[in-house]
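User: I've just opened this entry and I'm finding my way around. Let's look at it first and then take it piece by piece.

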Amino acid sequence: MSGLTVQDIVKPENLVYKKTDLMTDKTLSYCPGCGHGTAHRLIMEVIEELGKEHETIGVAPVGCSVLAYEFMNVDMQEAAHGRAPAVATAIKRVWPGRVVFTYQGDGDLAAIGTAETIHACNRGEKIVIVFINNGIYGMTGGQMAPTTLPGMKTSTSPYGREVIAMGNPLKITELVAQLPGTYFVTRQAVHTASAVRKAKKALMKAFQNQIDEKPGLSFIEIVSNCNSGWKMTPVDANIWMEENMFPFYQLGDIKKDGQLIEKK
Amino acid sequence: MGELKLMKGNEALAEAAIRAGADAYFGYPITPQSEVIEYLMAEKPEDRTGMVVLQAESEVASINMLYGAGGTGKKVMTSSSSPGISLMQEGLSYIAGAEIPCVVANVVRGGPGLGDIQPAQSDYFQAVKGGGHGDYRLIVLAPSSVQEMSDFVPLSFDLAFKYRTPVMIISDGLIGQMMEKVELFEQRDRLTDEEVIEKYPWATNGKPVGKERRILTSLDLDPHKLEKHNHHLQAKYREIEEKEVLSETLHCDDAEYIMVAYGSSARIAQKTIQLAREEGIKVGLIRPITLWPYPKKEIEKYVQKGIKGFLSVEMSMGQMVEDIRLVVEGRTKVEHFGRVGGVIHSPEEVLEALKQKLIGG
């Protein structure tokens with residue numbers, strides 16, 4: 001190996017990895033250490049590998065990923081806050097042969113858009129919903145989310161989330177898994193290399209379900225971090241996520257091929 | 001001559017959606033317009049033309065379904081009544097901002113709040129002044145017969161796509177529920193997917209090979225770009241004001257007084273003209289057909305002719321009357337009369353108001 005020069009390394013035959021063309025060259029607007037960028041890339045890699053670049057329509061939410069359409073190099077629509085599942089439902093109904101997905105945060109999907117989420121799932125719309133859960137409202141500056149953990153400090157729960165007054169965190173993924181309209185429901189993460197590999201496999205399965213016209217909606221939660229909102233370094237945020245978020249939001253498949261997975 | 005049928009206004013609207021070649025209808029039931037979705041479900045337009053009909057979980061979902069499907073270049077429509085239309089205002093603002101064509105019908109009922117289920121015209125401000133947030137306009141068409149409930153559907157789709165803007169058909173519980181003879185227009189073909197792709201290059205239905213992706217959004221975090229977008233929208237609205245005003249006049253040539261009325265009120269005003277003329281009172285009617293853009297030039301014409309006064313007849317506490325006053329600017333008398341809360345004024349009441357407010361006063 002010692003004989004390799006830079007000129008050798010950049011030769012096409014030595015290429016081992018490249019950024020997918022379905023991510024634009026625009027600099028990501030996310031904070032360093034945030035999981036959004038990785039989640040975006042995985043979705044775009046899956047669409048590229050499935051050869052669906054020209055047949056995909058994505059729906060972006062309101063939240064940190066409001067600008068997802070700046071980075072995802074496919075046809076995109078920007079939905080009103082919480083309404084992405086209704087927007088995607090209609091796109092899929094009038095273009096049943098197209099691949100349609102939504103990309104939504106916890107406030108968008110599990111608070112303001114709960115009705116749209118549940119009804120799209122319950123109708124069994126043949127779409128993919130990617131749900132990024134970081135337990136906080138990142139874009140508006142760190143307010144409490146429907147998924148904020150008990151005791152967790154945010155700018156609107158500055159002394160910690162008190163469940164008696166502020167309610168419980170909502171496990172919406174377990175909730176939608178109970179609905180007959182969901183076909184595949186899983187919870188993943190993107191903070192380590194092995195988690196990324198598993199998340200990509202899950203995304204691939206979800207999009208493949210849609211292409212194969214499987215009867216129902218594929219729902220992928222990605223438990224992610226928000227080091228800015230959580231007021232931690234990126235490394236500490238990932239450790240905190242493993243120690244606090246994962247015990248509450250357990251990773252793994254919840255429903256596969258239309259069947260709930262029995263807990264051991 | 002087209003096929004003649006006796007239909008409710010709501011049914012005529014629904015049949016017209018199928019015949020206009022609509023690709024989809026998304027809606028949520030609410031009185032007094034539930035016949036629209038009931039008729040569509042019973043007609044199985046999926047079999048007739050391939051049109052999709054879906055009952056949404058709410059009016060909020062319906063309007064966002066219009067955003068989604070309309071944004072792919074398909075012809076889409078919803079209908080509702082006042083409280084449901086209030087729920088749609090956020091979506092309409094986004095649709096106007098992202099420039100997505102679609103048609104929304106409002107079969108107005110009494111308000112405010114839950115109000116009642118009887119006819120009213122009290123959603124005028126909401127329809128013509130914006131309704132949702134931001135500087136935008138809807139093209140607003142006001143049918144005054146079951147025939148126009150049918151005819152205005154294809155017209156609305158044409159305008160929506162011509163200007164890439166939402167169009168509202170505003171009627172009321174009277175026009176929606178009453179039955180009249182209607183001559184149905186010939187079935188128009190739905191566009192094929194290929195035709196949609198070819199015709200609407202802005203539509204997000206899958207990035208074309210060798211071309212840039214399309215983005216539909218109403219967001220621009222750069223204030224200078226957003227300001228430019230607002231100017232673009234306003235230029236479009238000025239063009240619509242220039243080219244798309246529709247109105248009708250009745251007995252205005254020799255009139256000393258003019259009633260201005262749209263929708264059901266225009267029908268009632270026709271009878272008032274007859275009663276008034278029997279008493280020797282020379283009164284005419286201007287019927288705005290587009291409520292926005294408003295027929296300002298038509299009103300101005302009669303101000304110039306020296307009309308003695310205008311009476312705005314509307315089932316509201318006085319909304320459209322403000323638009324008449326904006327044209328008249330104090331040069332002649334402008335008064336309002338109307339019953340509200342679902343009460344429909346009689347032709348005699350309108351005549352009495354005309355005498356008291358314009359002639360005697």
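User: In β2(A), what is the bridge partner of Val59(A)?

Analyst: This is a predicted model, where local features need pLDDT of at least 70 and side-chain atom pairs 80 or more, while totals for chains, interfaces and linings use all residues. Residues are numbered from 1 along each chain as its sequence is written, with chains lettered from A and ligands numbered from 1 in the order in which they are written. With that settled, look across from Val59(A) into β2(A), and the bridge partner you find is Gln77(A).

User: Over how many bridges do β1(A) and β2(A) pair?

Analyst: Strands here are DSSP runs of E with at least two residues, and helices are runs of H or I with at least four, numbered from the N terminus. Two strands pair if DSSP finds at least two bridges between them. For β1(A) and β2(A), the pairing is parallel, and the count of bridges is 4.

User: And in β9(B), which residue is the bridge partner of Met76(A)?

Analyst: Here the pairing crosses from one chain to the other: β2(A) and β9(B), residues 215-216, run in the parallel sense over 2 bridges. Within β9(B), the residue bridged to Met76(A) is Ile215(B).

User: Which strands stand at the edges of that sheet, each with a single partner strand?

Analyst: The sheet is open, has 9 strands and mixed pairing, and its order goes β10(A)-β9(A)-β7(A)-β8(A)-β4(A)-β3(A)-β1(A)-β2(A)-β9(B). An edge strand has a single partner, so one side of it is left without a neighbour in the sheet. The two in that position are β10(A), residues 259-260, and β9(B).

User: Which element gives the most to the side of chain A that touches chain B?

Analyst: Residues are in contact if their C-beta atoms, placed from the backbone, lie within 7 Å. On that basis, 29 residues of chain A meet 33 residues of chain B. The elements giving two or more residues on the chain A side are β1 (56-60), β2 (75-78), α4 (84-94) and α6 (114-123). With 8 residues, the top contributor is α4(A).

User: Over to chain B: what separates the centres of domain 1 and domain 2, taken over C-alpha atoms?

Analyst: Chain B splits into domain 1 (4-194) and domain 2 (248-359), with bounds from an automatic or database domain assignment. Taking C-alpha atoms, the separation between the two centres is 27 Å.

User: Which element makes up the largest share of the side of domain 1 of chain B that touches domain 2?

Analyst: The contact draws 25 residues from domain 1 of chain B and 21 from domain 2 of chain B. On the domain 1 side, two or more residues come from each of α7 (124-128), β6 (139-141), β7 (166-172) and α9 (173-177) of chain B. The largest share, 4 residues, belongs to α7(B).

User: What percentage of contacts in chain B between residues at least 6 apart in sequence join residues at least 24 apart?

Analyst: For the setting, chain B has 15 helices and 15 strands, and its C-alpha atoms fill a box of roughly 70 × 50 × 40 Å along the principal axes. Counting contacts between residues at least 6 apart in chain B, the share that joins residues at least 24 apart is 79%.

Definitions and conventions
Two residues are in contact if their C-beta atoms, placed from the backbone, lie within 7 Å.
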